[in-house]
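Here's a quick tour of a few spots worth a look. Have the model open as you read.

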Amino acid sequence: TATPALVNPATVAQPAPGPDEPLSIAGPQRQPLDLALVIDRSGSMAQEGKLQRAQEAALGLIDRLGTGDRIALIQYDDTAQIVIPSVIADEEGKARLRSAVRELRPGGSTTLHGGMTLGRDEVQRTIAAGQVSRVILLSDGLANAGESDPSVIADTARLAAARGVRITAVGVGLEYNEDLMEAIAEAGSGHYYYVSDAVGLD
């Protein structure tokens, strides 16, 4: 099992990333980003302050986007919902996203597959040449609603990558399903990080 990197929002994602290169949020020469932030707000995210850590990671990433980028916000618990459809990451768009992220509260079960799929669909809706298209999944990986078979979830990530949307998985908290989150990132040609506490978000 690979050891995940402790996530820094400035480097969650270098320009024109190849299959084994991370996506760079920072840097004047990088390509425009087309992102979906997919945040797990299920009941298990209330433990260890997991949801708060996911929110802080999301806010740090939003702050580093520019007007050439697009971003959507997806939340999921028992069901998955588009909170904010893909918007340009100008000051107005980022203000809407920050407000929505801060309002997230833990809820019910964990339809991780549904959230990831909805994020993929939202990125594909606005996909364009010259952009880096990615879903950033923040979760403890404790899938227990909807499709929960790890092999099926990994296959969905693999198909998304084949269609141009990579999946980066960010495991949250000390207790999370490392195997599933790593499998998603590997199959989705993305990267695998974890957030253990707020110190890792500096």
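## Ground rules

Helices (H or I, at least four residues) and strands (E, at least two) are DSSP runs, numbered from the N terminus. This is a predicted model, where local features need pLDDT of at least 70, side-chain atom pairs count only at pLDDT 80 or more, and totals for chains, interfaces and linings use all residues. Residues are numbered from 1 along each chain as its sequence is written, and side-chain values use heavy atoms, with hydrogens and water left out.

## Two positive phi values

Glu 48 sits in the loop between strand S2 (33–40) and helix H1 (50–63). Its phi is positive, about 60°, though Glu 48 is not a glycine. With 31% relative accessibility, Glu 48 is partly exposed (buried is under 20% relative accessible area, exposed over 50%, partly exposed in between; 1.4 Å probe, protein chains only).

Ser 189 is another non-glycine with a positive phi, about 55°. This one belongs to strand S7 and is partly exposed at 28% relative accessible area.

## Around S7

S7 (residues 189–195) is mostly covered, with 5 of its 7 residues buried. Strand S6 (residues 166–172) runs parallel to S7, joined by 5 bridges (strands pair if DSSP finds at least two bridges between them). Ala 169 has Tyr 192 in S7 as its bridge partner.

## H3 against H4

The axes of H3 (residues 112–125) and H4 (residues 150–162) come within 10 Å and cross at roughly 5° (axes are lines fitted to C-alpha atoms, for helices over the stretch in contact, with angles from 0 to 180 degrees between N-to-C directions). That makes the two helices roughly parallel, a label for angles under 35 degrees.

Terms used:
Parallel < 35°, antiparallel > 145°, perpendicular 65-115°, else oblique.
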